[in-house]
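This report reviews selected structural features of a protein model. The sequence and the structure are displayed first, and the discussion follows.

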Amino acid sequence: MNGETLFRGWFFLVVTLWAGSAQVMAGTCLECHRERDGALVTAWEKSRHAQAGLGCEACHGAEHDGAMARRARPVEACASTCHARERSSHMLSKHGVIALLEGERLDFSLPLKDGNQRAPSCAYCHLHDTEHDAGAGILPLIPLAAVSNASLTVRTEARAVPCRDCHSPRFVETWFSTGDKMVEIGRMKVREAETLIARHEDVEAGKILARMKDVHLSNVRLGVGHASPDDQWWHGHPALDGDLLRIKSRIGEILSQGSQTMNRP
Amino acid sequence: MRIAGTLLVVALLWPWLAWAGLDPDAKGVGENADLWRPDPMHEYWDPGNLHRPETERVKGLFQGEACLECHRVVTPGIVKEWRTSRHALTKEPVLCPACHGEDHQKLSFPGPQTCGNCHPKRLAQMEEEKHYGFPSHALAMERAVDSKHFADKPKAEVAACLQCHSVASKCDSCHTRHRFDAAEARRPEACITCHSGPPHPDDEAFFASAHGQLYRQEGKRWDWSKPLAKGNYPAPTCAYCHMKDGNHQVADKAVWKFGIREINPQSAENLIKRKRWQVTCADCHPPEVGMEFFKKLDAERTQSWRQLYAVERLLKNLRSDGLLSPSAKERPPYPIDWLAKLFPKERIGFYEGQASAFYNVSAIERDYFELWYFFNLGAYKGMAHGAKELSEQFHERMGVQVEAIRNEAERLRGQTGAKKDLKPLWMEGDYTKFNLDYN
């Protein structure tokens, strides 16, 4: 072996190691994976993640070390960086509690299907069975009024698929149908407030309405989606009740006192 | 004529019934059974009363192996779980029909009675809990469905209540199916799905305490297969204290209970309960430590109640002076109370039933509800679990809220001018109308 060959060998080895440990950006991943996992890449391209500019490394990390799939499967992959609020909702559900207590016993080398993990992590449902369009499977929100829409019917069916790995079809159907109603009832409370505020403008009431929509209604949805009773109830419906009655109280005073200045804090 | 009337009502209600997925024949349960019909989801939380077996899909009698043959494909997750359970790993495995029956047209969900067939000691302990009254795991479902707001509110909305209150109807709230692991149920996280949130931040309180901190740091490494007995755990967890030695009777040490009404900690019954606590604490602490702890808790509670009663009086005075707006006559009636329909009255405090009056009330009443039901209970739970700082934080919030209520009362007293009838405002609206019409 002459010096040149040895040098070439070393050079090749160093370059390979460097490339392996380098930050693999989405563009680079796609060069190979579009061919190897075409469907997966196409699904990702449609996803909200892609629209938000999140590439493969956001969930899989940048180390091409043979554990990339495994890395994106536990709760932490989604929750430690972006989805903290969703995590707190999931963590209080039975699914979240079991996932936490099972800890290292959960085998994330297995695909996210067939109840391979005893309790679902985020990805088990939202990216079930290699689905990479996060939002196509389990839909975070289905407006009840739009359920007749054909594409939404497809999605209504799609969101039930991961649940059926463990739960009976009838249970899943009932869960979602009651859940949709629970959210719709929340929307009724919001609409009641909106109608009142449209008639009697009031800055403070407007702020409460914003809280209804952005926080408390959203809590009901998270609670339904994650089977987390606290978010459905204490952080959800009774909280919406409180908002609504406070809006009504303010408007009641406007009605009673005509144009008098309101000074309730 | 009456039949025609009923038919007309049913015909008119039909679109709503169909929307709600309600079976017009299904009846509620409990004290107000005639006044409400369950949402389809309720059957899963109270299967003993409301389960209707699946009759459409599969017919026939099945023994264990035949069940597993299909279900490892249909619902693989639960079969995998069961295979790792003691039920599966024991010499004579407990197969599906033992709990669900073998006729696929008449399958049932196992309730405590089913589990009690093999675990009679645990069932007896749970049954015994009923003697201690509320709050109680064993009576939790009654507590929920007999509540006035439960009967009043849309049934899909209050389905949210039943997931936790189902602890009375099924054992898998703590021993999650299909592994039913005692070790899992011993961990504090097994309790937090329900023991969390504003009226009972038990999770927050425990994890903030020295006990909880120690668990957080090293709990993962403790041997959870050991019984909850002296010397087995370096720090107590929920179940260690409240279910000592695995006792499924959780109420026999409950002194201050839920915390929504004042009790006398020195009553004969409560002194006996205190003795039981002393024994538990003495597993690790000298006896006087436990005594000192309870003295502080009682002092904290007495002080809180003094504060709460003062605000209650303030609200009752506003009520006598006709300053609560809307008045009881202007708001939707207090849920399902015929007397309240004849003599409408604003509900203030525990004994008037304010626990069900957290909606359709004036802002100042709701402010008191939150003071009493959220901040006060946070202060209590913090103190009771040894999280003094958390308790102090809640006391601060109580102080701020009391101040706000006093200012608001002052403002209401200063208001002049004729009052308008607020009935149209409070009786109308998407949600209000829906609830008035259908519940």
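## Disulfide and cysteines

Across all chains, a search of the whole structure, which is a predicted model, finds one disulfide. The bond joins Cys164(B) to Cys194(B), with an S to S distance of 2.5 Å. The torsion about the S-S bond of Cys164(B) and Cys194(B) is about -100 degrees, and the disulfide is therefore left-handed. Distant parts of the chain are linked by this pair, whose members are 30 residues apart: Cys164(B) belongs to helix H12 (residues 155-165) of chain B, while Cys194(B) sits in the loop between helix H14 (189-192) and helix H15 (202-208) of chain B. Cys164(B) has a relative accessible area of 18%, so this residue is buried, the limit being under 20%. Cys194(B), at 26% relative accessibility, counts as partly exposed.

Two further cysteines are in no disulfide. With 17% relative accessibility, Cys125(A) counts as buried. Cys191(B) is likewise in no disulfide; its nearest cysteine sulfur belongs to Cys238(B), at 3.9 Å. A disulfide requires the sulfur atoms to be within 2.5 Å. Cys191(B) is partly exposed, its relative accessible area being 22%.

## Chain A and its helix H15

The secondary structure of chain A consists of 15 helices and zero strands. Of the 265 residues in chain A, 49% are buried. When contacts in chain A between residues at least 6 apart in sequence are considered, 53% join residues at least 24 apart.

Helix H15 (residues 237-257) of chain A has 21 residues, which at 1.5 Å a residue should span 30 Å; the end C-alpha atoms are 30 Å apart, in agreement with that expectation. Because 20 of the 21 residues of H15(A) are buried, this helix is largely enclosed by the rest of the structure.

## Helix pair between the chains

Helix H12 (residues 169-199) of chain A and helix H24 (residues 430-438) of chain B have axes that come within 6 Å and cross at roughly 125 degrees. H12(A) is therefore oblique to H24(B). On the H12(A) side, Ile185(A), Met188(A), Lys189(A), Arg191(A) and Glu192(A) take part, and they meet Asp430(B), Tyr431(B), Thr432(B) and Phe434(B) of H24(B). The residues of this contact comprise four nonpolar, one polar and four charged.

## Helix pair within chain B

In chain B, the axes of helix H4 (residues 64-74) and helix H5 (residues 76-83) come within 5 Å and cross at roughly 120 degrees. Leu68(B), His71(B), Arg72(B), Val73(B) and Val74(B) of H4(B) meet Pro76(B), Val79(B), Trp82(B) and Arg83(B) of H5(B). By class, the residues of the contact are six nonpolar, one polar and two charged.

## Surroundings of Arg177(B)

Arg177(B) is located in the loop between H12 and helix H13 (182-186) of chain B. Its relative accessible area of 33% makes Arg177(B) partly exposed. Which residues does Arg177(B) contact, leaving aside its neighbours within four places in sequence? They are Arg118(A) and His167(A), together with Glu81(B) and Asp172(B). Arg177(B) and Ser85(B) are 92 residues apart along the chain, and their C-alpha atoms are separated by 9.3 Å.

Key:
Residues are numbered from 1 along each chain as its sequence is written. Chains are lettered from A and ligands numbered from 1 in the order in which they are written. This is a predicted model: local features need pLDDT of at least 70, side-chain atom pairs count only at pLDDT 80 or more; totals for chains, interfaces and linings use all residues. Side-chain values use heavy atoms; hydrogens and water are left out. Axes are lines fitted to C-alpha atoms, for helices over the stretch in contact, and angles run from 0 to 180 degrees between N-to-C directions. Helices (H or I, at least four residues) and strands (E, at least two) are DSSP runs, numbered from the N terminus. Angles under 35 degrees count as roughly parallel, over 145 as roughly antiparallel, 65 to 115 as roughly perpendicular and the rest as oblique. Contact means heavy atoms within 4.5 Å. Ala, Val, Leu, Ile, Met, Phe, Trp, Tyr, Cys and Pro count as nonpolar, Asp, Glu, Lys and Arg as charged, and the others, Gly among them, as polar. The expected span of a helix is 1.5 Å times one less than its number of residues. Buried means under 20% relative accessible area, exposed over 50%, partly exposed in between (1.4 Å probe, protein chains only).
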